[in-house]
Amino acid sequence: MNLNDSIVVVLTASAIFYGTPLIFAAVGELLAERSGILNLGVEGMMLMGAVSAFWGVQHIGGPDWLVLLLATLLGGAAAMATSLVHAVLSVGLRANQIVSGLALTIFAGATGLSSYIGNVAHVGGQPARHEFTSMNVFGLGDLPVIGPILFHHNLLVYASWALVILAWFYLYRTRTGLHVRAVGESPETADVMGVNVALYRYLHTLVGGLLAGFGGAYYSLAITPNWIDGMTSGAGWIAIALVIFAFWRPELTLVGAYLFGLFSSLGFVLQAHQVRLPPEVFAALPYVMTVVVLVVVSTGWAKQRLGAPAALGVPYVREER
Amino acid sequence: MRIERRLTTPRWLVVGVPVGSLAAAFAAAAVVLLFAGNDPLATYARLFDRGFLAPGALTNTLITATPILLTGLAAAVAFRMRLWNIGAEGQLYMGAISASGVGLSLQDQSGPVILVGMIVGGLVAGAAWAVIAGLLRAYLNTNEIITTLMLNYVAGLVLSYLIFDSRSFWRDLTSSSGRVFPQGRPLSDAASWPGVLIALDPSFPLVIPFGFLVGIAVAALVWAMYSSTSFGFDARVLGDSPSAARYAGIKTRRVMVLMMGLSGALAGLGGASEIGDFRHVLDPRGLQQAGFGYAGIVVAALGRYNPFAVCLVAFLIGGLANAGFSLQGPDFPAGLVGVLQGMILFFALGGELLLRYRVTWSRPRTAAAAA
């Protein structure tokens with residue numbers, strides 16, 4: 001039997017494939033939360049990214065790589081514009097960040113703006129003209145076992161790995177990264193030091209939106225090269241949970257994202273191997289596991305050592321310092 | 001811009017800001033509509049007509065408003081405590097499953113018996129579903145936003161499973177169409193909840209659904225609980241300051257779990273009302289498309305967690321949702337209702353700033369002025 005078809009190899013490769021959009025969204029949300037802004041609108045932003053990127057591939061002409069690049073950027077930009085609303089409300093107007101994020105998801109999500117754009121711009125119904133296909137990196141994709149796991153993915157997977165490294169470097173090895181961590185832990189202190197708290201929060205929320213848009217674009221350009229209303233099915237919420245699971249560290253989002261990619265793909269693979277269970281059980285697996293993981297991670301032991309940024313979700317009002 | 005916290009909020013502002021937010025939201029949505037090539041005034045006129053003026057519209061609006069009222073109360077009760085229960089959607093599904101199950105089992109009983117059974121079933125199922133997240137939050141410190149949300153998706157899958165992928169009690173296995181096409185078993189006529197008929201104009205009869213009246217009664221009870229009971233007092237203290245509550249000896253974890261249970265029970269009641277007042281059958285697609293749980297959050301925020309304001313806002317949002325359902329078609333794409341709801345919420349949130357702080361615009365002092 002071909003080793004590449006073994007269930008372990010297939011599952012691992014599949015976990016990476018399905019976990020990648022979660023990495024984009026989780027790293028984005030992580031950056032926003034590190035600056036102290038809780039953005040619950042990730043699901044809505046991902047859907048905006050998905051529909052905009054799909055519109056891009058259907059309407060932009062040119063060589064394959066250029067269209068995909070522009071479409072992905074368009075998806076990111078659309079999500080970023082949506083996150084601007086949350087940024088203005090949370091930073092400028094000191095609104096309740098939880099309700100604001102929820103409002104964003106209602107506004108942009110499955111029965112909101114993304115759906116509206118999908119209908120009004122007549123997106124969807126036809127397969128994508130361009131999509132992110134698996135690449136064979138340096139020909140190494142033909143190696144047994146590690147070939148399909150490491151060298152046979154689409155471009156966005158490799159981009160996500162670069163993103164994690166970049167994010168880690170930014171947060172822990174640059175001065176700006178130090179500032180953003182300070183803003184998230186104690187904005188009063190950062191303000192006194194001369195760091196522009198509002199600017200950092202705005203920028204990181206927008207970057208969070210941009211990355212969420214890339215994650216959404218992955219759905220409509222790589223997983224299912226089509227636009228379906230609400231196609232992320234809660235991935236944005238899982239990404240938010242992933243940030244907690246990763247203890248707000250970019251490198252740990254890889255672990256969480258691939259774990260959830262595994263749960264998402266477990267259903268397909270097991271069914272192909274004749275395991276008979278109702279499809280809903282498999283579909284429920286990622287959501288149930290999110291709860292289980294969150295419970296384990298949130299107990300007192302973990303929280304004391306590796307907790308959230310102290311000022312997360314609290315509006316900063318300089319006059320009340 | 002400088003802001004300073006207000007000590008008291010002027011009366012006119014408390015009503016003016018939500019109303020202003022609504023107006024601003026409609027204005028902003030008009031821009032979106034223009035952008036998409038629709039005529040905003042005509043669209044709004046159609047929405048208003050279908051929501052409130054057309055024959056039968058008011059009755060349909062009340063039917064749509066009832067679950068929204070109950071989920072709005074559910075969200076208000078929880079959010080006021082800073083318990084972010086986003087699971088009203090899933091709790092509503094579980095309430096609907098439970099109520100339809102009760103309705104089907106008690107087929108041969110009399111109307112009032114089934115009615116009470118369905119109400120209790122809805123309350124219990126919704127409360128149980130919410131208490132899962134409540135216990136995890138109170139005793140294991142698990143973020144209730146994520147847990148309630150994940151439970152929403154699980155509840156939706158349970159709903160699908162019962163009708164589409166199993167031969168369950170809820171499924172119609174006897175009728176000719178039921179054997180071919182998966183659908184729920186319709187409840188008996190005795191299981192239909194009564195309505196109050198008000199014939200203001202013989203050609204426009206208005207039927208107030210029983211669930212709506214129950215909702216208003218519940219709103220009054222919730223208000224009474226907050227203002228007159230010690231439990232309500234404990235809850236308010238806990239919502240305003242958890243540390244003060246602990247110093248005062250309030251059993252914070254128990255109050256948390258109980259309030260989550262209450263919130264879930266209300267949402268579950270909304271699910272029961274959907275079955276009893278309107279659908280009379282367990283309809284997964286219809287329930288999931290309606291999104292009543294999320295609409296409740298919009299209502300609670302706009303009503304600023306006050307039970308009576310929630311009733312009024314639920315009526316308005318119900319009218320909007322009803323008009324949206326009935327107008328759906330190629331020239332009125334789905335998604336517009338979500339856009340409007342989201343915008344209303346945005347502006348309501350922005351308006352909160354005006355309520356909590358006094359905003360002044362000052363010029364930065366220049367060197368010349370200081371000299």
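This is a predicted model: local features need pLDDT of at least 70, side-chain atom pairs count only at pLDDT 80 or more; totals for chains, interfaces and linings use all residues.
## Interface between chain A and chain B

The size of an interface is often given as the accessible area lost when the parts come together. For chain A and chain B the buried area is about 4100 Å², and carbon and sulfur atoms give 77% of that area. Within the area that chain A buries against chain B, A:Ile106, A:Tyr116 and A:Glu280 supply 17%, which is more than any other three residues. The contact draws 48 residues from chain A and 48 residues from chain B.

On the side of chain A that touches chain B, the elements giving two or more residues are helix 3 (64-92), helix 4 (97-108), helix 5 (113-120), helix 11 (235-245) and helix 13 (279-298) of chain A. The largest share of this side, eleven residues, comes from helix 13 of chain A. By residue class, the side of chain A that touches chain B divides into 30 nonpolar, twelve polar and six charged residues.

## The largest nonpolar core

The largest nonpolar core has 198 residues, and those with the most contacts inside it are B:Met259 and B:Leu282. Helix 3 (residues 57-80) of chain B gives the most to this core, namely twelve residues. When neighbours within four places in sequence are left aside, B:Met259 is in contact with B:Val77, B:Met81, B:Leu83, B:Met225, B:Tyr226, B:Phe231 and B:Ala235.

## Loops and backbone

Although B:Arg82 is not a glycine, its phi is positive, at about 55°; B:Arg82 is found in the loop between helix 3 and helix 4 (88-105) of chain B, and counts as partly exposed because its relative accessibility is 45%. B:Tyr305, likewise a residue other than glycine, has a positive phi near 65°, and is found in the loop between helix 13 (292-302) and helix 14 (307-327) of chain B.

In chain A, A:Ser35 lies in the loop between helix 1 (7-34) and helix 2 (42-59), and counts as buried because its relative accessible area is 0%. Beyond its neighbours within four places in sequence, A:Ser35 is in contact with A:Val180, A:Val183, A:Gly184, A:Tyr200, A:Arg201 and A:His204. A:Leu199 has its place in helix 10 (residues 197-223) of chain A and is partly exposed, with a relative accessible area of 44%. The C-alpha atoms of A:Leu199 and A:Val91 are separated by 9.0 Å, while the two residues are 108 residues apart along the chain.

## Salt bridges

Over all chains, the count by this rule comes to six salt bridges. In chain A, the side chains of A:Arg249 and A:Glu251 meet in a salt bridge at 3.7 Å, N to O; A:Arg249 is partly exposed, with a relative accessible area of 31%, and A:Glu251 is partly exposed, with a relative accessible area of 27%.

In chain B, a salt bridge joins the side chains of B:Glu144 and B:Arg137 at 3.1 Å, N to O. B:Glu144 is buried, with a relative accessible area of 4%, whereas B:Arg137, at 22% relative accessibility, counts as partly exposed. Another salt bridge is formed by B:Glu274 with B:Arg279, the closest N and O atoms being 2.6 Å apart, and both B:Glu274 and B:Arg279 are buried. Salt bridges that share partners join B:Glu274, B:Arg279 and B:Asp283 into one network.

Conventions
Residues are numbered from 1 along each chain as its sequence is written. Chains are lettered from A and ligands numbered from 1 in the order in which they are written. Side-chain values use heavy atoms; hydrogens and water are left out. Contact means heavy atoms within 4.5 Å. Buried area is the accessible area (1.4 Å probe) that two parts lose on being put together, summed over both. Helices (H or I, at least four residues) and strands (E, at least two) are DSSP runs, numbered from the N terminus. Ala, Val, Leu, Ile, Met, Phe, Trp, Tyr, Cys and Pro count as nonpolar, Asp, Glu, Lys and Arg as charged, and the others, Gly among them, as polar. A nonpolar core is a set of buried Ala, Val, Leu, Ile, Met, Phe, Trp, Tyr and Cys residues joined through side-chain atoms within 4.5 Å. Buried means under 20% relative accessible area, exposed over 50%, partly exposed in between (1.4 Å probe, protein chains only). A salt bridge is a side-chain nitrogen of Lys or Arg within 4 Å of a carboxyl oxygen of Asp or Glu.
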